[in-house]
Amino acid sequence: MATVMAHFWFKMFGTMGFTLVFFVAYLYLLRHPAAAVSIIPATAPDRLIGFQPWALPVYLSLWAYVSLPTVLMLSRSEIVSYGVKVAVPCLAGLAVFYFWPNAIAPADIDWRLYPGVAFLKNVDTAGNAFPSLHVATAVFSALWLHWRLRLLQLGRPLQWLNILWCVAIAYSTMAVKQHVALDVIAGTLLGLGSAWLTGLKAHAQGAGLRPTL
């Protein structure tokens with residue numbers, strides 16, 4: 001509990017501020033593409049995974065999931081450092097969306113039958129698809145959590161829960177028809193590459209384990 005409460009308001013408002021800035025840029029590019037929008041093709045996995053409305057809560061759980069790393073941080077410097085690192089996949093994705101606007105083809109589904117998903121479609125259309133930043137940020141968070149949970153020796157059940165949650169989020173992006181398999185693959189590679197490029201493992205294993213001002 002002491003870890004959770006350390007710099008609690010800094011964590012909360014920092015996460016909210018980061019998310020707000022990201023969404024302003026994301027939605028601007030979504031509504032104002034700089035060029036013609038390309039369609040990302042569906043592949044065999046997309047035909048196997050049909051629309052599954054039950055996956056919407058899992059999809060939306062990303063916003064709780066990506067907040068978990070800061071919950072386990074104890075210093076402001078560690079939190080700020082992590083913010084800089086997680087900005088890398090976000091900025092890389094936004095750059096792709098600017099120079100190569102893309103989307104998935106509209107699904108042949110009457111969204112009026114599924115009000116929750118319909119709301120999602122109205123707010124976040126199936127544009128800005130490749131790479132999936134939903135998946136990229138989930139993978140980035142999963143890696144940090146995996147290394148920190150091992151460091152804290154909190155047990156294998158939590159480590160497996162972390163992995164399963166990340167996989168479930170990635171699956172949900174296809175199940176609610178926000179992304180196709182190619183988006184998920186690209187998002188996974190972006191998350192992995194960004195973690196390597198930013199030295200995320202060293203951050204998770206060594207930084208900020210004592211509370212500081």
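Predicted model: local features only at pLDDT ≥ 70, side-chain atom pairs only at ≥ 80, totals over all residues.
Trainee: How much space lies in the largest pocket, and which residues are the closest to its centre?

Mentor: A pocket is an open set of points on a 1 Å grid over the protein atoms alone, where a 1.4 Å probe fits, with protein on both sides within 12 Å along at least five of seven lines; lining residues have an atom within 4 Å of a point. The largest pocket holds about 730 Å³ of space, a volume being the space filled by probe spheres set on the points, which are joined across faces, edges and corners. Of its 37 lining residues, the closest to the centre are Phe18, Thr19, Phe22, Trp63 and Val66.

Trainee: Which helix gives the most to the lining of the largest pocket?

Mentor: Helices are DSSP runs of H or I with at least four residues, strands are runs of E with at least two, and both are numbered from the N terminus. Elements giving two or more residues to this lining include helix H2 (8–31), helix H7 (76–99) and helix H8 (115–123). With eight residues, the element that gives the most is H2.

Trainee: How many residues in the lining of the second largest pocket are charged?

Mentor: The second largest pocket has about 210 Å³ of space, and its lining includes Asp46, Phe51, Lys177 and His179. Ala, Val, Leu, Ile, Met, Phe, Trp, Tyr, Cys and Pro count as nonpolar, Asp, Glu, Lys and Arg as charged, and the others, Gly among them, as polar. The lining divides into nine nonpolar residues, one polar and, as charged residues, two.

Trainee: Which residue forms a salt bridge with Glu78, and is Glu78 buried or exposed?

Mentor: A salt bridge is a side-chain nitrogen of Lys or Arg within 4 Å of a carboxyl oxygen of Asp or Glu. Glu78 is paired with Arg148, and their closest N and O atoms are 2.6 Å apart. The pair links distant parts of the chain, with Glu78 in helix H7 and Arg148 in helix H9, 70 residues apart. Because its relative accessibility is 2%, Glu78 counts as buried, a term for under 20% relative accessible area, with exposed over 50% and partly exposed in between (1.4 Å probe, protein chains only).

Trainee: What accessible area do the residues of the nonpolar patch on the surface have together?

Mentor: Patches join residues with over 30% relative accessible area and no salt bridge, like charges within 9 Å and nonpolar side chains (Val, Leu, Ile, Met, Phe, Trp, Tyr) within 5 Å. Helix H9 (133–152) and helix H10 (156–175) each supply at least two residues of the patch. Accessible areas come from the Shrake-Rupley method with a 1.4 Å probe, and for residues only the protein chains shown count as cover. Together, Leu151, Leu152, Leu154, Leu158 and Leu161 have about 400 Å².

Conventions. Residues numbered from 1 in each chain as written. Heavy atoms only, no water.
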